[in-house]
Amino acid sequence: MKWWGWGAPEHRYPLTHMPGALEYLRRRLGIEALREFEPPAIEAAQMPASQASPDLIRKLSALVGAEHCRTGHRERVLHSVGKGYKDLIRLRSLRLPLATDAVVYPQTAEQVADILALCRAERVAVIPFGGGSCVVSGLDAERGNQHAVISLDLAFLNRLLTIDESSLTATLEAGCFGPELEAALRERGFTLGHFPQSFEYSTLGGWIAMRSSGQNSLGYGGIDRLVESIVAVTPIGEIRTLSVPRRADGPDVNQVLLGSEGTLGVITAATVKIRRLPKARDYFMFVFKSFTSAIDACRELVQAGGRPALLRISDEEETQGTLAMGQTAASGMKQVKRRAAQWLLEQRGFRPPALCTVLVGLEGETDAIAIERRQIRRHLQQRGGFYLGKSPGERWLASRFELPYLRDELIYNDLLIDTLETATTWSQLHLVYDAVRKAISEAAMAQGHPLMVYCHVSHFYPDGASLYFTLLGRQDSADPIAQWLRIKTAANEAIRRHGAAISHHHGVGLDHREHTGRGEVEQAMLAQLKRTLDPDDIMNPGKLL
């Protein structure tokens, strides 16, 4: 990824070429102009000098080769932070108060074991690194009580090892990036079906370590349901769980490693459940008159056994923002069609701002999709939804990995934009929704910088769902990180007060460490597990616990 933001260095989100975005930001936030910017040179980024001694570098180089043990300025900057709002503000300021001392690229699991043994003996902290897309400060170069800290980048452990076609499983090394993984499986006619928004720049090991949930989790399952077995190297030895469909011989060690965030060891490979490539896909959109009616319709669908690949509800605020920010200049027939569609909706009683959208994605066999499409459309129409067609769904599918690029442009236009998510039961969902929105708004107003708060429901279960919030407003130029932290803390406290999960799929890192809501016994149990597998606290110190 580009060092100062998200994604491919040559790719940008053309915000200044989207008149709808400027009009929307002017109306809601008083923004009078949007500017294009030139990213700063990476050489200008300031960070502490490397604390890795020449002797340590020599020993690490002996294990992996000198070319795979790097202490250069660029390498250290790229591996010292993730891609959260706080990370991007630090990069924009060209100041990294914490920085990894060296970056090491093992090529085998055996080298990983040798590196951990050396680091344990030399008192060096190790931060496993996949794609660098973490948004909860999980990559901050905390060294704890160690002398130095290294980033262990698994990019070279990226092979498809085996496919068991009769069992529908595949074994891959943990450094496989999403596109690499899917390309390798597609050559054989299979898919994992795991597509988080970070898909292009995150890895299988990162998905497991952070307990990721892809956009199509309703149909395919989150990574915790897709993993069958894991190979991990800990400071005291290797863990290699059985590759079986189910077992009842005690607590599930896979589930211990899922979500461990690099604090117990390094995940080097995993066996995952795969499916044959879908023969057809159908993505379409409905509009509802309220968030409540859309939620009720989708909850009933899921509880009745409906399992589309994807189901997503955007509340009224997010629907307005998406329509405005994504609107490009139009003329001629395109403008006529846009006005005709708006007129048709208004005639049926669908008038902004009392609008919210429901996106549905179907994947599978052609005949099965045709049946499922009819059932879902009938269900949503009977509950007050209006069918908008396939075009909005196809546009979303084509651009679903683009939003992080927009975030970069907004941040460099002095706007605060961040996301946070939670999970709760259906009976609590509206209470949590209202409480979090209120907490964010009040914390922002107290600082004199009001925010817009958007929300969508993106992951569904029979007993509940996730709420994914996006915040957008003016930055406090004096201290944007302090502004963000006060808002984040208020939101976290509201989440915990209502018994919801502090994270549904982003993880804990440093940002959520104080708000997990674990009981005293739970905390002691996890701490003892950490002491057993990592007795010298070299694995990603300070995170998670």
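A cavity is a set of points, on a 1 Å grid over the protein atoms alone, where a 1.4 Å probe fits but cannot get out, and its lining residues have an atom within 4 Å of a point. The model toured here is predicted: local features need pLDDT of at least 70, side-chain atom pairs count only at pLDDT 80 or more, and totals for chains, interfaces and linings use all residues. Residues are numbered from 1 along each chain as its sequence is written, and side-chain values use heavy atoms, with hydrogens and water left out.

**Stop 1: the second largest cavity**

Select T241, R247, D249, G250, P251, D252, V253 and N254, which line the second largest cavity. Its volume is about 30 Å³, a volume being the space filled by probe spheres set on grid points that are joined across faces, edges and corners. The lining comprises two nonpolar, three polar and three charged residues; here Ala, Val, Leu, Ile, Met, Phe, Trp, Tyr, Cys and Pro count as nonpolar, Asp, Glu, Lys and Arg as charged, and the others, Gly among them, as polar.

**Stop 2: the largest cavity**

Across the whole structure, the search finds two cavities of 30 Å³ or more. For the largest, select G84, Y85, V135, W484 and D511, which lie nearest its centre among 13 lining residues. Helix 4 (85–93), strand 16 (415–425) and helix 18 (480–497) are the elements that each give two or more residues to this lining; helices (H or I, at least four residues) and strands (E, at least two) are DSSP runs, numbered from the N terminus. Helix 4 provides the largest share, three residues. The cavity holds about 80 Å³ of space, and its lining divides into four nonpolar, four polar and five charged residues.

**Stop 3: the second largest pocket**

A pocket, by contrast, is an open set of points with protein on both sides within 12 Å along at least five of seven lines. The second largest pocket contains about 940 Å³ of space. Of its 40 lining residues, select R211, L258, G259, S503 and R518, the closest to its centre. Then colour helix 9 (223–226), helix 10 (253–257) and helix 19 (520–533), the elements that give two or more residues to the lining. Helix 19 supplies the largest share, five residues. By class, the lining has 15 nonpolar, 16 polar and nine charged residues.

**Stop 4: E372**

Next, select E372 in helix 14 (residues 366–382). This residue is buried yet has no salt bridge, and R307, the nearest side chain of opposite charge, is 8.8 Å away. Buried means under 20% relative accessible area, exposed over 50%, and partly exposed in between (1.4 Å probe, protein chains only). A salt bridge requires a side-chain nitrogen of Lys or Arg within 4 Å of a carboxyl oxygen of Asp or Glu. Not counting residues up to four places away in sequence, E372 touches R307, P308 and L362, where contact means heavy atoms within 4.5 Å.

**Stop 5: salt bridges**

The structure holds 28 salt bridges. In helix 1 (residues 19–29), select R26 and E23, three residues apart; their side chains meet at 3.1 Å, N to O. R26 is partly exposed at 33% relative accessibility, and E23 is partly exposed at 41%.

Move to helix 2 (residues 54–64) for D55 and R58, whose closest N and O atoms are 2.4 Å apart. D55 counts as partly exposed at 31% relative accessibility, whereas R58 counts as exposed at 51%.

Finally, select E75 and R70, which form a salt bridge of 3.3 Å, N to O. E75 is buried, with a relative accessible area of 13%, while R70 is partly exposed at 30%. Elsewhere, salt bridges that share partners join D55, R58, K59 and E122 into one network.

Notes: Lys and Arg count as positive and Asp and Glu as negative; His and the chain ends are not counted.
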